[in-house]
Amino acid sequence: MQAGLAAVAAILARAGVSRTSAATAAALATVAVVPPAFTGHAAGAGNHQIAVSSLTLHVVGAALWVGGLAALLMIRRATVLADVAGRYSRLALGCFAAVMASGTANAAVRLGSPAPLWQSRYGWLILGKLAALLILGVFGAAHRRRTLPQLRAGRHGAFTRLAAGQLVASASTPAGPGSPTPS
């Protein structure tokens with residue numbers, strides 16, 4: 001199902017240039033990232049509904065955040081980029097909040113109490129992911145405060161460097177929930 005949705009989204013993205021086809025392709029691509037949340041460790045967790053729901057929100061938030069940023073780096077017309085980057089910034093802030101809240105909920109379900117946060121490899125993984133998320137939040141704040149005004153003034157070098165750095169930081173963050181087994 002995931003491969004089929006991704007293929008249809010790719011065909012739509014390549015074939016159409018209207019807002020409707022772009023929105024449809026984006027919606028299909030977003031839906032395509034959800035199925036693994038229903039088949040991973042979260043599906044067998046004790047609080048199944050909270051685990052799956054929080055993981056779904058986590059995956060969708062991260063995909064919109066990182067995918068949107070990667071798409072911004074492909075925009076070549078500077079006049080359009082400034083406007084789109086400003087709108088994306090609001091979406092990214094919402095995605096940051098969704099990833100933070102859903103990650104916290106998922107970790108709470110898996111760990112059960114705060115003690116395993118320091119007493120297990122999984123807890124250390126969670127702390128590492130939290131540190132990476134906070135670093136990405138700092139990138140986002142710098143983007144809003146410094147690079148958006150520079151971008152509106154026609155200088156897009158700082159925006160490109162910051163966006164590329166944020167993508168590298170995102171890519172280096174451990175993906176997936178890992179195994180909740182304390183060690």
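Two residues are in contact here when they have heavy atoms within 4.5 Å of each other. Keep that in mind as you look at this predicted model, where local features need pLDDT of at least 70 and side-chain atom pairs count only at pLDDT 80 or more, while totals for chains, interfaces and linings use all residues. Residues are numbered from 1 along each chain as its sequence is written, and side-chain values use heavy atoms, with hydrogens and water left out.

**The overall picture**
- The protein has seven helices and zero strands; helices (H or I, at least four residues) and strands (E, at least two) are DSSP runs, numbered from the N terminus.
- Read from the N terminus on, the order of elements is α-α-α-α-α-α-α.
- Of the 183 residues, 34% count as buried (under 20% relative accessible area, with exposed meaning over 50% and partly exposed in between, using a 1.4 Å probe and protein chains only).
- Among contacts with a separation of 6 or more, 66% come from residues 24 or more positions apart.

**Helix 1 against helix 2**
- Two packed helices are described by the angle between their axes and the distance between the axes.
- Helix 1 (residues 2-15) packs on helix 2 (residues 19-32) at about 160°, and their axes are 8 Å apart (axes are lines fitted to C-alpha atoms, for helices over the stretch in contact, and angles run from 0 to 180 degrees between N-to-C directions).
- That angle makes helix 1 roughly antiparallel to helix 2 (the word covers angles over 145 degrees; under 35 is roughly parallel, 65 to 115 roughly perpendicular and the rest oblique).
- Helix 1 and helix 2 have a left-handed crossing, the term for a near helix turned anticlockwise from the far one by less than a right angle, with clockwise being right-handed.
- On the helix 1 side, the residues in contact include Leu-5, Val-8 and Leu-12, and on the helix 2 side they include Thr-24, Leu-28 and Val-31.
- Sorted by class, this contact has 11 nonpolar, three polar and no charged residues (nonpolar is Ala, Val, Leu, Ile, Met, Phe, Trp, Tyr, Cys and Pro; charged is Asp, Glu, Lys and Arg; polar is the others, Gly among them).

**Helix 6 against helix 7**
- The axes of helix 6 (residues 121-152) and helix 7 (residues 157-172) come within 9 Å and cross at roughly 165°.
- Helix 6 and helix 7 are therefore roughly antiparallel to each other, and their crossing is left-handed.
- Among the residues that meet are Phe-139, His-143 and Leu-151 from helix 6, and Phe-159, Leu-162 and Gln-166 from helix 7.
- This contact divides into eight nonpolar, six polar and no charged residues.

**What the UniProt record lists**
- The unreviewed UniProt entry gives residues 1-22 as "signal peptide"; annotations like this may be inferred rather than shown by experiment.
- In the model, residues 1-22 are 82% helix and 0% strand, with end C-alpha atoms 20 Å apart.
- The unreviewed entry also lists residues 55-76, 88-109 and 121-142 under "transmembrane region".
- Residues 55-76 are 82% helix and 0% strand, with end C-alpha atoms 34 Å apart.
- Residues 88-109 are 100% helix and 0% strand, with end C-alpha atoms 31 Å apart.

- Phe-96 sits in helix 4 (residues 78-111), and its C-alpha atom is 7.5 Å from that of Trp-65, 31 residues away along the chain.
- Neighbours within four places aside, Phe-96 is in contact with Trp-65, Leu-133 and Gly-137.
- Thr-173 lies in the segment after helix 7 and is buried, with a relative accessible area of 19%.
- Not counting residues up to four places away in sequence, Thr-173 touches Lys-129, Ala-132 and Leu-136.
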